[in-house]
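Morning, everyone. Please bring up the sequence and the model, and I will walk you through them.

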Amino acid sequence: MDLILQPWPWYVSGALIAFVMWLLLYFGKSFGFSNNLRTLCTMCGADKFAPFFKFNWKEQSWNLLFLVGAGLGGYIATNYLTTPDYVVAISEATIDDLSVLGFAAPTAYAPASQFGMEALSSWQNILILVTGGFMVGFGARYAGGCTSGHAISGISDLQPASLLAVVGFFIGGLAMTHLIFPLIY
Amino acid sequence: MKQIKFLLAGTLFGIIMFKSEAASWYRIQEMFRFQDFHMYGIIGLAVAIGVPMVWFMKKNNAKDSSGAPIVFRPKAWSIPRYLFGGIIFGLGWALSGACPGPIVVNIGAGFAGYIVVLVAAMFGTFLYGVLRDKLPH
């Protein structure tokens, strides 16, 4: 039990992610989380605005259940599968870099100033959350997939398109971290 | 009720994402600063298992649980679509510290800010759908 309560090492986590991919293939589906964003748009009536959203969303109901499960998994893990003194043990170098930007060393899973309730009292913070989410949603659909669809499933199938998408993910991520973070934090 | 297996698979996925810390904003920062092997180990190992797994399934015409053949659809090649789309996604991934799965995992873990991120991600997807014909693919 103690091993489950500790953070899971990369070799356990990586193998389990491959297992989830296999599980979905065995169930006759494919691993692609961001498809849910399109489905949610259709359910909210987006099909009245663009043909992209005209499809039978019920065919994706399995993926929505997978999404609900992911949220449930986050709830279970944080409440029942961690120790009370748990902090994310990132490297000293990252703690130093983040402190330059004004972030304290981790005391929670994510910085509360950015993602906790208190984050919603600052309009600058809300702007960051909205911009980040917007680019994730827009980019995932433009690129035809996110980390699960391209970096895991697509590269496992040796798809050149997925490799290019992942190169794009890193160009964007590195630019945000090294060029834009120093300007906004 | 037949669909309950997807809820369970999703729950397992959510627990893995949380416990691996792949859903942590801090780990994503560490990854984009190349300061630890952790995230590269996770993604690298998943792919190192995934490549021979998919190859083996294709070679043996593997069937799913209902007996239907498992199909892998090749993705049509395009430079602008994957490069531009990928860059926009990467900017958002680093800024919000989460890709779509972990956004939901963080909401479950109690971070209200990620509800805003999720709604904005839906809006981003919506705008992509509206502008789709005007974008280079």
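**Two chains and their interface**

Read along the sequence, chain A runs α-α-α-α-α-α-α-α-α. That is nine helices and zero strands. Helices here are DSSP runs of H or I with at least four residues, strands are runs of E with at least two, and both are numbered from the N terminus. The C-alpha atoms of chain A fill a box of roughly 45 × 40 × 35 Å along the principal axes.

Ground rules before we go on. This is a predicted model, where local features need pLDDT of at least 70 and side-chain atom pairs count only at pLDDT 80 or more, while totals for chains, interfaces and linings use all residues. Residues are numbered from 1 along each chain as its sequence is written, chains are lettered from A and ligands numbered from 1 in the order in which they are written, and side-chain values use heavy atoms, with hydrogens and water left out.

Now chain B. Chain B has six helices and zero strands, in the pattern α-α-α-α-α-α. The C-alpha trace of chain B spans about 45 × 40 × 40 Å along its principal axes.

Next, the interface. How many residues of chain B are in contact with chain A? The count is 109, and they meet 128 residues of chain A. Contact means heavy atoms within 4.5 Å. Between them, the two chains bury about 10,200 Å², with 78% of it on carbon and sulfur atoms. Buried area is the accessible area (1.4 Å probe) that two parts lose on being put together, summed over both. Which three residues supply more than any other three of the area chain B buries against chain A? Lys19(B), Tyr26(B) and Leu95(B), with 9%.

On to polar pairs. Across this interface the rule finds 31 residue pairs in polar contact, both residues at pLDDT 80 or more. A polar contact is a pair of N or O atoms within 3.5 Å; within protein, one must be able to donate a hydrogen and the other to accept it, and residues adjacent in sequence count only if both atoms are side-chain atoms. On chain B's side, helix 4 gives the largest share, 18 residues. By class, that side divides into 69 nonpolar, 26 polar and 14 charged residues. Ala, Val, Leu, Ile, Met, Phe, Trp, Tyr, Cys and Pro count as nonpolar, Asp, Glu, Lys and Arg as charged, and the others, Gly among them, as polar.

Salt bridges. The definition is a side-chain nitrogen of Lys or Arg within 4 Å of a carboxyl oxygen of Asp or Glu. Lys58(B) pairs with Asp157(A), closest N and O atoms 2.5 Å apart. Asp97(A) and Arg33(B) meet at 3.4 Å, N to O. That pair runs from helix 5 (residues 92-100) of chain A to the loop between helix 2 and helix 3 of chain B.

Last, packing inside chain B. Helix 2 (residues 25-32) and helix 4 (residues 79-96) of chain B pack at about 125°, axes 8 Å apart. Axes are lines fitted to C-alpha atoms, for helices over the stretch in contact, and angles run from 0 to 180 degrees between N-to-C directions. The two helices of chain B are therefore oblique to each other. Under 35 degrees is roughly parallel, over 145 roughly antiparallel, 65 to 115 roughly perpendicular, and the rest oblique. The residues in contact include Trp25(B) of helix 2 and Trp93(B) of helix 4.

Helix 1 and helix 5 of chain B pack at about 90°, axes 10 Å apart. That makes helix 1 of chain B roughly perpendicular to helix 5 of chain B.
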